[in-house]
Amino acid sequence: MLHHLSLPSRKYNVVVANTLERGHRFQFLPGDGRLKLRTEQSTSSLPASGLRSLTPCSAKCDDSKDSSVSENIILDAETLTRDLDIAIAEENYAKAAEIRDRLRLLREDSMTSVLAANSRFYESFRIGDLAAMQSLWAKRDEVCCVHPGARGIYGYEDVMTSWDYVWANYEFPLQIELKDVNANVRGDMGFVSCVELVKTKGSSWGGQFVTNVFERIDGQWFISVHHASPIDL
């Protein structure tokens, strides 16, 4: 995955990968400073001279919540939403206000869980832990990862393969800082957007604007989309 390669701001008419087929390989060629994707049919490449490495993330996670608690939160939120509609229809505004407060607390709990999942993502990225990264993504063909300056890579297996190849060029741990973090949750879907600053050993800081989309599956939050676009610092 060409993730967090901080590329220059100019545009490249390059398809890094729509979907990685078997036999595709990422190769970093120090001699000409290009990152190449090789297939049996063709080779696509994009300049990698401006790559800026990622670095450790300072975000902390709370892994204490189990799936049974998350499932109860989902059911409670649905029940409270129905009760709120009924209270409003009956013009019982005191009860409606009470229900709104309970819904707010439940949504804040879901928000905390999504932010914790986002922190786990960056921690795995920071230390180059492929097993941890594999456990964080939804195991579906629809998942998508968009690295800076590249088109999307689709499917769980291809996304994981791309991470493995990209990390081969890094010296861990990386330095990662997140700024302007925003999160939102609606039902079983949530997203986190932020400015991601990454630095590898001997390089300058690179910046990306990132959106991570999470989906709640069997009470746990998994990444379904990761989209990073390079920005000027």
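**View 1. Strand β4 pairs with β9.** This view of a predicted model shows β4, residues 144-146, beside β9. The two strands run in the parallel sense, over 3 bridges. Two strands count as paired if DSSP finds at least two bridges between them. Strands (E, at least two residues) and helices (H or I, at least four) are DSSP runs, numbered from the N terminus. Look for C145: its bridge partner in β9 is H226.

**View 2. β8 and β9 form a hairpin.** These strands run antiparallel, joined by 11 bridges. F214 has I223 as its bridge partner in β9. Between the two strands lie 2 residues. D218 sits in the turn, with a positive phi of about 50°. In a regular strand, side chains alternate between the two faces of the sheet.

**View 3. R216 is buried in the model.** R216 belongs to strand β8. Its relative accessible area is 9%. Buried means under 20%, exposed over 50%, and partly exposed in between (1.4 Å probe, protein chains only). The R216 side chain reaches the backbone oxygen of G187 at 2.7 Å. R216 and G190 are 26 residues apart along the chain, yet their C-alpha atoms are separated by 8.2 Å.

**View 4. S203 makes a polar contact with T200.** S203 lies in the loop between β7 and β8. S203 is buried, at 17% relative accessible area. The side chains of S203 and T200 meet at 2.8 Å. A polar contact is a pair of N or O atoms within 3.5 Å; within protein, one must be able to donate a hydrogen and the other to accept it, and residues adjacent in sequence count only if both atoms are side-chain atoms.

**View 5. The largest nonpolar core has 32 residues.** Such a core is a set of buried Ala, Val, Leu, Ile, Met, Phe, Trp, Tyr and Cys residues joined through side-chain atoms within 4.5 Å. Those with the most contacts inside this core are F121, F125, M133, W137, V159 and W163. Elements that each supply at least two of its residues include α2 (93-127), α3 (130-136) and α4 (156-167). The largest share, 6 residues, comes from α4. A second, separate core of 7 residues includes L80, L84, A87 and A96.

**View 6. F121 and the residues that it touches.** Not counting residues up to four places away in sequence, F121 touches M133, L136, W137, W163, N212, I223 and H226. Contact means heavy atoms within 4.5 Å.

**Notes.** Residues are numbered from 1 along each chain as its sequence is written, and side-chain values use heavy atoms, without hydrogens or water. In this predicted model, local features need pLDDT of at least 70 and side-chain atom pairs count only at pLDDT 80 or more, while totals for chains, interfaces and linings use all residues.
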